[in-house]
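Welcome! Let's take a friendly walk through this structure, with a few questions and answers along the way.

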Amino acid sequence: MAAENPVESLQEEATCPICLEYFTEPVTLECGHNFCRACISQCWEGSTTAVSCPQCRETVQQRNLRPNRQLANVVEIVKRLSLRAAKGAGGDGVCDRHQEALKLFCEEDQTPICVVCDRSRAHGAHTVVPIEEAAQEYKEKIQAHLKILREEREKLLGFKVTGEGKSQEYLKQTQTERQKIVSEFQQLRWFLEEQERLLLSQLEKLDEEIVRIQNENVSKLSEEISRLSELISEMEGKCQKPASEFLQNIRSTLSRWEKGKFQQPEEISPELEERVSGFSQKTIALLEALRKFKDTLPSALERKTGELLGAHRQANMTLDPDTAQPQLVLSQDQKSVRWGHTRQDLPNNPERFDPEPCVLGCERFTSGRHCWEVEVGDGGFWAVGVARESVRRKGGISHNPEGGIWAVERDWSQFRVLTSPVTPLPLSRVPSRIRICLDCDQGQVTFIDADDEAPIFTFPPGSVPGERIRPWLWVGGGSQLRLCP
């Protein structure tokens, strides 16, 4: 808030926001902000990339520093006004006790004093230096601290860039793994289909050979049965005849009987039996291996998913109607929201978003791990994630962590993360259900494709500040989002 005293207000306008002293050789940046030439040069010292304004963070060109001579003249006027005001009102520039100018600095008491104070008993044994000399010394100390702070800031910016780079690297790795999985399973399917075809073909050949042998045996047996039946009938008739007639040609009859003994049919060869037995054992071993593979696969997938998600508690989410923008229509159970064609007549309470088509979840989280799923369907314009409870509700809002929002969005043909700037996601398809996993203790948010458990994106640890966090939905025209039970 600006000072109520006009002189103090003028002093603030004549003060450099970096060194907090009156401007020295003031220069103006492209964005309109002013700084001392030495201060802004020191602030940008060593930077090889694009630089930004320390106040508004807008990217500017170092060479476009324009001297502000009018501001320099105003600074000189402000200095004279400040000295006159201080002398007239006994302000900071004049000793309250002796009404003398504060030209000295007591190092023991760490305070400016006048020449009369220097001769007094209170400061007689203290080390006293000229105030300008002391100011220069302390400026150097502050500048040293500023250098350390700027270095720390650069380190943090480096960590941020490194973290974002690692996230992109991890996403590329997961995409590569996804392609490997699809390729390996496709080859596995081809292999299993080929094995199935070969095994069935071998079975079919065995069937044909078994049927051939069986048919041949049946034909031979039928012929033998018919021949034996004729011989039995003939011999039964001969036994009915008188003895004299019966004994005629008896030797020939007995010889024919000996020749008519039954011939054993061909049995299934041991070789064929061995082939059938071996094939059966081979089939049993293959099917047992497939069963083991099938049984271990789900547990491995569940273990990998568990490692990714951790122990997140499934939250039963509902939407807060007091935060819904008037164009949004909530279902009766407060789990579904869609874009309406007409604006509803709702109270303009401070919690309500307007005009941004947003709505918050009723649940508020400050600690622990929580997850929930949002069914996004095939709508082309939406965003889901989390937001600080203090997120801006009125007017335009920034859909990024700087604005208090951590989310992913679909913008028709593009699917991306709402970072600053936004990060496109190289997904082969847009998920129909998204699982949001919030770890308040670690300060991170993870988005997962709930249909195939594939990770989408993770805001790294420390990204989400330690304050109250709520689910956040943004609903564009033609879209409908639903919180899954």
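Rings of Phe, Tyr and Trp (its six-membered ring) pair if their centres lie within 6.5 Å. The model is a predicted one.

Q: Which residues form one aromatic cluster?
A: Rings count as a pair when their centres lie within 6.5 Å. By this rule the model has 7 aromatic pairs. One aromatic cluster is made of Phe-381, Trp-412 and Trp-474.

Q: Are the rings of Phe-365 and Trp-372 stacked or edge-to-face?
A: Planes under 30 degrees apart count as stacked, and those over 60 as edge-to-face. The ring centres of Phe-365 and Trp-372 are 5.7 Å apart and their planes are at 15°, so the pair is stacked.

Q: Is Trp-372 buried or exposed?
A: Buried means under 20% relative accessible area. Trp-372 has 2% relative accessibility, so this residue counts as buried.

Q: How many residues apart in sequence are the parts that Phe-447 and Phe-459 tie together?
A: The two rings have centres 6.3 Å apart and planes at 70°, so Phe-447 and Phe-459 form an edge-to-face pair. Phe-447 lies in strand S21 (residues 444-449) and Phe-459 in strand S22, so the parts tied together are apart in sequence by 12 residues.

Q: Which element gives the largest share of the lining of the largest cavity?
A: The largest cavity holds about 50 Å³ of space. Helix H5 (131-239) and strand S22 (454-459) are the elements that give two or more residues to its lining. The largest share, 4 residues, comes from H5.

Q: Over which ring does the charged end of Arg-393 sit?
A: A charge sits over a ring if CZ of Arg is within 6 Å of the ring centre and within 35 degrees of the ring normal. The charged end of Arg-393 is 5.3 Å from the centre of the ring it sits over, that of Phe-353.

Technical notes:
Residues are numbered from 1 along each chain as its sequence is written. This is a predicted model: local features need pLDDT of at least 70, side-chain atom pairs count only at pLDDT 80 or more; totals for chains, interfaces and linings use all residues. Side-chain values use heavy atoms; hydrogens and water are left out. On a 1 Å grid over the protein atoms alone, a cavity is a set of points where a 1.4 Å probe fits but cannot get out, and a pocket is an open set with protein on both sides within 12 Å along at least five of seven lines; lining residues have an atom within 4 Å of a point. Grid points are joined across faces, edges and corners, and a volume is the space filled by probe spheres set on the points. Buried means under 20% relative accessible area, exposed over 50%, partly exposed in between (1.4 Å probe, protein chains only).
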